[in-house]
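This report looks at how some parts of a protein model are arranged. Please keep the sequence and the structure in view while you read.

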Amino acid sequence: MKYSIFSLARAALSGHKNWKPTWRDAAPKDRYDVIIIGGGGHGLATAWFLASEFGIRNVAVLEKGWIGSGNAGRNTTIIRSNYGLPGNTGFYELSMKLWEKMEQDLNYNAMVSQRGVLNLYHSDAQRDAFARRGNTMRINGIDAELLDQAALRKMLPFLNFDHARFPVQGGLLQRRGGTARHDAVVWGYAHAASELGVDIIQNCEVTGFTRDANGTVTGVETSRGKIGAGKVGMAVAGSSSRVAAMAGLRLPIESHVLQAFVSEAIKPLIPGVMTFGAGHFYVSQSDKGGLVFGGDIDGYNSYAQRGNLPVMEDVCEGGMALIPMIGRVRLLRQWGGIMDMSMDGSPIIDKSPVDGLYINAGWCYGGFKATPGSGFVFAHLLARDESHKEAALFRLDRFQRGAMIDEKGQGAQPNLH
Amino acid sequence: MRIVCPFCGERELGEFTYLGDAKPQRPAADAGEEAVYDYVYLRDNIAGVMNEHWYHGAGCRAWLKVTRNTLTHEISAVEPAAGAGAAKVGA
């Protein structure tokens, strides 16, 4: 169905009893042109772009649980395109531009809110690094503003500006950045893809690949039977190594746990998204009033979807150092998600060495903001067998070639990215 | 998660630093690019029981070999890694 102010009014007048499910919960057919493994934001976006942009509608999205039950439902909902390295800068801006028209394209309210993303700096060296990144963004047509302390004092008077150890000197602001409603992004893509004929198949866990004599992938084995496919794309960040292992591949990826937190609801305080530059703490405020915040990954391999106390303590200390008054706010909820930590902190969107299998992986803890861009370039790769120009550097073999895209220059130590 | 250090006893996680899978061995100097690529970049990324190197930085400063389940965080064994710098040369 098409959503509009009139459909809302009609539903309201009939007591909201006539809403239809927003997507079809399909049963698997014998064969599809393209199968996407993973019914998160990236998988569903890929399916929608395949159907809407590339004319491939015989598509299935296989999800082992319910759609959006993985990292799409476990993130802090931030969208931004403030990256400094070739490869990342253009790709994340492509994604940002898709966020800006997503709701109209999908006919779904994803609550995209461009309330600004502000990275604070606390030293001269950090200011210089941020100025450089801001200039890189502006050269590439992306908005960025370097703010000094006076501007921040007006905007965020409650920050701990004169902290002896972490004085807030200023910040790099991307006003077009902000937040989006993570579940609605999943539901929106599912809604729009389903309308175009994409089968969304839940509770369908992939347990292996079927391959022909040449080793080419011809389909998948699942908990709901064998399904044939012309091509198979995997978008299962968190479990990429496990799925790739079924095809005999080892990936340059470790799975790590990242925690996020929500406080009890308070009155409007934080206008946008804010990051502490002297530790690792970032925060925004949800429309319900809760402070949504997080920090570092826990730092050890994990598939457990829950973390431990040292990082929780570290994140809260970061918050206290920056905004001392939140010390009296109580923590409401805390959760963990499993991150595909790649060896350079950047994603992999490429054909795999196995014919017929395509990889979309390695999103580290930055996958949410990439959702529309990732879907678009992965659909491009699946449809045309060549990388989109904005994803041309996200190759699987870049580690072998020494062509890493390492924003922080940390090297092959995933728990530092 | 707490780790029972064989030297210090049961200590909280914050005292330890993680290195990673204890299985990869640094290849010989003449092993070639493929072996180095494999060692530096590729991971088994085990979902289940894994041997790992941890460093007890806020305690005895010894390298430890910890057997831990990555699906549950359950630790089944902790032993000293073989000598200082063991993580680099293989325990």
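## Two helices of chain A

Helix H2 (residues 41-52) of chain A and helix H6 (residues 182-195) of chain A have axes that come within 9 Å and cross at roughly 30°; axes are lines fitted to C-alpha atoms, for helices over the stretch in contact, and angles run from 0 to 180 degrees between N-to-C directions. H2(A) is therefore roughly parallel to H6(A), a term for angles under 35 degrees. Helices (H or I, at least four residues) and strands (E, at least two) are DSSP runs, numbered from the N terminus.

Among the residues that make the contact are Leu44(A) and Trp48(A) of H2(A) and Val185(A) and Tyr189(A) of H6(A), where contact requires C-beta atoms, placed from the backbone, to lie within 7 Å.

## Basis of the model

This is a predicted model, in which local features need pLDDT of at least 70 and side-chain atom pairs count only at pLDDT 80 or more, while totals for chains, interfaces and linings use all residues. Residues are numbered from 1 along each chain as its sequence is written, and chains are lettered from A and ligands numbered from 1 in the order in which they are written.

## The sheet

Chain A has an open sheet of eight strands with mixed pairing, in the order S5-S6-S4-S13-S14-S15-S12-S16; strands pair if DSSP finds at least two bridges between them. The edge strands, each pairing on one side only, are S5 (145-148) and S16 (331-342) of chain A.

## Between the chains

The contact takes 20 residues from chain A and 18 residues from chain B. H1(B) gives three residues, the largest share of the side of chain B that touches chain A.

Definitions and conventions:
Two residues are in contact if their C-beta atoms, placed from the backbone, lie within 7 Å. Angles under 35 degrees count as roughly parallel, over 145 as roughly antiparallel, 65 to 115 as roughly perpendicular and the rest as oblique.
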